[in-house]
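Dear colleague,

Here is the structure I promised to hand over, with my notes on it below. Please read them with the model open beside you.

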Amino acid sequence: MSFLRRRSSATPAGPDFDVLAMDPGDWPGNLGAGLLPAPDGSCQGVFLRYDLFGGRGPAMIIGNLPEGSPAREIEDKEVPFEVAQLLLALENDEEIEVVETEDVPVMQGDNLLIVKRIKLSESRISCVQFDRSDKVLVTIAAWDRPITDDLYALLKPLPAELFQQG
């Protein structure tokens with residue numbers, strides 16, 4: 001995915017990498033974004049929460065975690081950070097774990113993605129992960145809807161202005 005690259009700016013106003021997600025203008029519900037700050041002020045990840053349920057909880061969370069982000073460090077059978085965020089937002093405190101993973105090749109335009117499908121003990125959650133060319137891990141966690149291959153065609157870098165404070 002050669003269109004993805006690290007940004008560099010003199011004064012960081014958000015993540016120093018492109019955030020790959022669905023454009024908020026293409027989504028009919030509410031959108032929320034969260035940044036994971038490091039003690040030095042750098043961005044250790046971004047997650048976007050897409051809400052189609054009229055304020056009753058998110059339908060999907062898409063995370064972008066750069067190499068070295070502590071949120072990427074999980075134990076065996078522990079759910080990805082984005083799944084934990086989805087459960088937190090849904091106020092679901094069930095104990096959920098990873099049951100199985102499977103690597104699946106998926107074409108995105110001219111690019112081949114190796115997508116890891118993560119099967120969880122809670123069957124209403126769909127979860128997939130893939131690495132980008134800039135070593136950012138993208139995780140998609142969806143509640144009560146399957147993640148199909150055509151979703152990857154909707155993912156694109158979001159404008160940096162979306163993450164500027166002000």
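By relative accessible area, buried means under 20%, exposed over 50%, and partly exposed in between (1.4 Å probe, protein chains only). This is a predicted model, in which local features need pLDDT of at least 70 and side-chain atom pairs count only at pLDDT 80 or more, while totals for chains, interfaces and linings use all residues. Residues are numbered from 1 along each chain as its sequence is written, and side-chain values use heavy atoms, with hydrogens and water left out.

A search of the whole structure finds 5 salt bridges, each being a side-chain nitrogen of Lys or Arg within 4 Å of a carboxyl oxygen of Asp or Glu. One of them pairs E94, partly exposed at 43% relative accessibility, with R124, the closest N and O atoms being 3.8 Å apart. R124, itself partly exposed with a relative accessible area of 38%, also meets E122 in a salt bridge at 3.0 Å, N to O. E122, by contrast, is buried, with a relative accessible area of 7%. Through these shared partners, salt bridges join E94, E122 and R124 into one network.

Another salt bridge links R72 and D131, whose closest N and O atoms are 3.7 Å apart. R72 is in the loop between β4 (60-65) and α1, and D131 is in strand β7, so the pair ties together parts that are 59 residues apart in sequence; helices (H or I, at least four residues) and strands (E, at least two) are DSSP runs, numbered from the N terminus. Both residues are partly exposed, R72 at 28% and D131 at 49%.

Best wishes
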